Amino acid sequence: MKVLWITNTLFPDVCKELKIPSPVVGGWMYAGAKSMLEENENIQLGVAALYNGQDLKVMCLSGITYFLVPNKELEKYWCLVKENFLPDIVHLHGTEYPHGLAYVEACGNDGVVVSIQGLVSIYERYYFGGIAEKTLKKMITLRDRIRFDGIFTQQKNMRLRGLKEKLLIQSVNHIIGRTNWDKAHAWAINPNIKYHFCNETLRESFYNNKWSLNTCQKHTIFLSQAHYPIKGLQQMIKALPLILRHYPDTKVYIAGNNFIANKAWRLNGFGKYISSLMEQNGLKEKIIFTGVLSEVEMCQKYLKTHVFVCPSSIENSPNSVGEAQLLGVPCVASYVGGTPDMITHGETGFLYRFEEYEMLAKAVCEIFSNNDLADKLSFNGNKIAVLRHNRKINAQRLNSIYQAVCKK
C-alpha cells in the first residue's frame, strides 16, 4: 500500500539533508511514521510538506520518499505529487492549514483521510484566553500597529483559517480523531463523515525515561508553551501568589524564548500584558523562560519538575500532557476541550475550570504537600499513558484505518 502523508512541518531527515535546523514541533509525527513502518512492512510511505524553495524536490531518505512543495501554485504541485507517487491513501495531518484543502480541491477526496490535531475554527472562540477585550486594546503596542499582527489580528486570521478548515472537513469522507471533543465537532461540521479513532505516538525520548520525586526539583512548575493567550500563562500568573503564600520558594519554568524581555519596539501586546501582570504581582524573579528546547532538553526539563501544568483556554488532546504522563510527572490541567479524556480527576492528574485559577493553585499545593499523592498521580498517569501512546497498538490501528479507507 502506498501512503502519502501531507504534513505541516519538515521531518528531521529532510532538514539534515537541506542543512537547516530541525523544527522543535511535530516530532511526534516523525516518531509515528517510524513506528508505522516498523509494524507494517506492506506500507510504502511518502511525506509531502511545504518549504521555502522555488521548485518541487523529491528525495528518498531512510526508506521514505519526501516531496518538498513550494508554497505557491499549490494545486498544480499537488497534482504533480499525486502523479509521481500514485498513492492509495492520502493522509492529511491537521485541518488548520490551507494546503490540505488545496490538495482536495486539486486531486479530489478519493482515498483521503484527515487527522485532527486542533480545530482552529473552535479555538478562535477562546483566543483571548479570558482576558477582557478592553484590557487587550490598552496593551496594543507600536510593533502590533507596524506589523499588523497584534492579538486581534491573530484572532481574525485564525477565524479565516477556520473557514478553510470547515471546508476541508466538509469535503472529505474520513477523519481521524482521539477525543469526544473532536468527534463532536467533526460531526457538527460534517454529519456524514466517517470518524476513526486513533491515539498518537509521541517522541522517542519520552518512552525511555521515568520521573521520580526523589530526583526532581521540589516546588517547581513547568509549562511547555505560553506565547499566546490560548496557552493560559495569565492564569498561572494569577495562581502563583496563592501558591507562594504556602511555598515561597516556588519557581515556574516556561519552555521557549522570553517574549516579555523584548525591547519596547519589539514587544507585542500579549507580552506587554504578561509583563504588567507579573510586575503587579511581584513575580519577575519567580518565572523563568528556558529558551527553545530540543526533544532531549524538553524531556529533561519535565523530569526535573515537581508539577506539570497545562492551563490552556482550549485544547484537543495536548501532547504536552501525554508526554508528562508518559514520564510520570504529576499533571494539573484546565478542564477544556478533549483534555478530560486524558485525565481522570484525582487519579491520573488534577483538572480545574480554566477561569478559576484558585483551583489551579490549590491543586498544585496539594501535590507539593503530599508525596504519596504525587507518587499516586505519577504511577496512574504513566499507566494510562503507556496504553494510550503505545507505539505498536497505534501503528496497527492506523494501518486498519487505511485498509478501511481504501478497502484493500
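A charge counts as sitting over a ring if NZ of Lys or CZ of Arg is within 6 Å of the ring centre and within 35 degrees of the ring normal. Keep in mind that you're looking at a predicted model.

Start by selecting K76 and Y77: K76 lies over the face of Y77, at 4.7 Å from the ring centre. Now try K301 with Y253, where the lysine is over the ring face at 3.5 Å from its centre.

Next, head for the largest nonpolar core, which has 106 residues. Click on W78, M236 and V332, the ones with the most contacts inside this core. Stay on M236 and show what it touches: leaving out residues up to four places away in sequence, you'll find I221, L223, I243, V252, V309 and L360. Apart from that core lies another one, of 31 residues, including L10, A33, I43 and V405.

Time for rings! There are 14 aromatic pairs. Select Y247 and F368, an edge-to-face pair with 5.4 Å centre to centre and 80° between the planes. Y247 is in the loop between α10 and β10, F368 is in helix α14, and they are 121 residues apart. Both are buried: Y247 has a relative accessible area of 17%, and F368 has 5%.

Then pick F259 and F270, which are stacked, with 5.7 Å between centres and 5° between planes. F259 lies in the loop between β10 and α11 and F270 in helix α11, so this pair ties together parts eleven residues apart in sequence. F259 and F270 are buried too.

Last stop: select F206, F222, Y302 and F308, which form one aromatic cluster.

Technical notes:
Residues numbered from 1 in each chain as written. Predicted model: local features only at pLDDT ≥ 70, side-chain atom pairs only at ≥ 80, totals over all residues. Heavy atoms only, no water. Core = buried A, V, L, I, M, F, W, Y, C linked by side-chain atoms within 4.5 Å. Buried < 20%, exposed > 50% of the residue type's maximum accessible area, 1.4 Å probe, protein only. Contact = heavy atoms within 4.5 Å. Phe/Tyr/Trp six-rings, centres within 6.5 Å; stacked < 30°, edge-to-face > 60°. Helix = DSSP H or I, 4+ residues; strand = E, 2+ residues; numbered from the N terminus.
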